[in-house]
Amino acid sequence: MASGSIGSLSLIQVRLLEIDQILGRFNPVPSFEAKELAHDCSSANVDVGNQTLQRNTFMPDEPLFILDPPHQDPPLIAKFDIEQEFEGSVIAIDPDGEMFMARLVDVSGGGPDEEAEFSLREITDDRHLVVPGAIFSWIIGLQWRKRQAVRVSEIRFRRLPPFSREAIARAEARAHELAKQDAAPKLPSAR
Amino acid sequence: MKVASKKPEIRVEDLSIVTLGDFNPKIFHPMWFAKEDLLRESEADEARIEVVHQDVAAFSTDWLTVQVLRDRFTASVKADAYSSHLSDLVRGTFQKLRHTPVRQMGMNVLRRVRFKTEEDWHALGHFILPKSPWDRVTSKPGLRSVHVQGQRSDDHAGYVLIIIEPDPKTKSDVLIRVNDHYELGESDQGLEGADGVVAIIERGHKESVARASATVDRLIMNFLNTKAPDKAK
């Protein structure tokens, strides 16, 4: 295999050192676990890096090394004991009064739907998402940040991407189906 | 007589969506997510960035962790209150990167089962792994990890993998992970690549999480209803 060199180090060695420096451990021993994990998407924390690339580029049969990314801290919010959770949808906005009206569905308790007014001042980052029809979650409960419990009432707007072509196609197919059903005579003919 | 009369406490420990394919980690900077309106700008500003490099990107916000390697994308939350926001983020990401080659995906739920007594904790181990086959093979056999693969209940290519492991730090907790695994491009439903990820999440991330929770509940119910466990002699 042809490769260039810098001083006494080959380009491959330089690259290895760079990556090793950035990512941590250098493990020259191909591991059974690594081979298994390369095809497994069950784990959120992975100890395997770009094994395929390295194998193809440098050594056809054996992985040269395994990238082991540094341990990643979990999110700060470790737990959220939900006391009440609503799914809200924006009905109307009053920019002058700095308010918006929303219909709330009680997700946690199964209570009746309600309507409520919210101050737009409560919404800072998500302000541009407050439009009629926008969906948000409103969660009231005890949030565990590491070992500290904080009582919170959090409104978070859904960042729902536009529907995919596949979802639109499914909806259209369903609409055609319903239209056909509607077109079919439901009552005996007058004739 | 039942093995355990006290119902253990079960809660979600971690929810994640993992995809396997070919990724370009260096673009997965929190500011990219904010620019694409997939994350709040303030969250991107305050994100704890561990590394953003051509081979790996890793950062976390208050509620979310993202790690991207060249062959793997992982987004996870600890609090299930953010489940729908996790699915919005991953769905939005792959809708923006719709030409990214993605071959497999998994929607994963990790639940922690906390038993009231150490005896109940051992009893689950005996229930999952009967000890009589190990008689005179080894002394004091104990369950370290069990992987059980089941068939999907729908037409998608893939499987459901259930992993049961005791939490080594305690004598009361068991971790049960349910991996709802999809092979993209091998089904007859046209679910390929990034579009497949978007479609699968759109069709049922919430349902997948509910199914995983029901799976764990069912397993624990079977355990609670069982007769005497098969212990070591």
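User: Looking at chain A, what makes strand E5 (residues 77–94) and strand E8 (residues 135–145) a pair?

Analyst: This is a predicted model, so everything here is read off computed coordinates. In it, 11 bridges join E5 to E8 of chain A, and the two strands run antiparallel. Two strands pair if DSSP finds at least two bridges between them, so 11 bridges make E5 and E8 of chain A a pair.

User: How many residues does each chain bring to the contact?

Analyst: Chain A puts in 36 residues and chain B 54. On the chain A side, helix H1 (11–23), helix H3 (51–57), E5, E8 and helix H4 (165–183) each supply at least two residues. E5(A) gives the largest share, 5 residues. By class, that side of chain A has 21 nonpolar, 7 polar and 8 charged residues.

User: Over in chain B, why is helix H3 (residues 83–96) called roughly antiparallel to H5?

Analyst: Their axes cross at roughly 170° and come within 8 Å. Angles over 145 degrees count as roughly antiparallel, so H3(B) is roughly antiparallel to H5(B).

User: Which residues of H3(B) and H5(B) meet?

Analyst: On the H3(B) side they include Ser87(B), Val90(B), Arg91(B) and Phe94(B). From H5(B), Val197(B), Ile201(B), Glu202(B) and His205(B) are among them. The contact of H3(B) with H5(B) has 7 nonpolar, 5 polar and 3 charged residues.

User: Which residues of the largest nonpolar core touch the most other members?

Analyst: Of its 62 residues, those are Leu64(B), Val68(B), Leu86(B) and Val197(B). Helix H5 (residues 193–224) of chain B gives this core its largest share, 12 residues.

User: How do you know that Val197(B) is in contact with Phe94(B)?

Analyst: The cut-off is C-beta atoms within 7 Å, so that pair makes the list. Leaving aside neighbours within four places in sequence, Val197(B) is also in contact with Thr19(B), Val102(B) and Met105(B).

Key: Residues numbered from 1 in each chain as written. Chains lettered and ligands numbered in written order. Predicted model: local features only at pLDDT ≥ 70, side-chain atom pairs only at ≥ 80, totals over all residues. Helix = DSSP H or I, 4+ residues; strand = E, 2+ residues; numbered from the N terminus. Contact = placed C-beta atoms within 7 Å. Nonpolar A, V, L, I, M, F, W, Y, C, P; charged D, E, K, R; others polar. Core = buried A, V, L, I, M, F, W, Y, C linked by C-beta atoms within 7 Å. Buried ≥ 20, exposed ≤ 12 C-beta atoms within 10 Å, placed from the backbone. Axes fitted to C-alpha atoms, helices over the stretch in contact; angles between N-to-C directions. Parallel < 35°, antiparallel > 145°, perpendicular 65-115°, else oblique.
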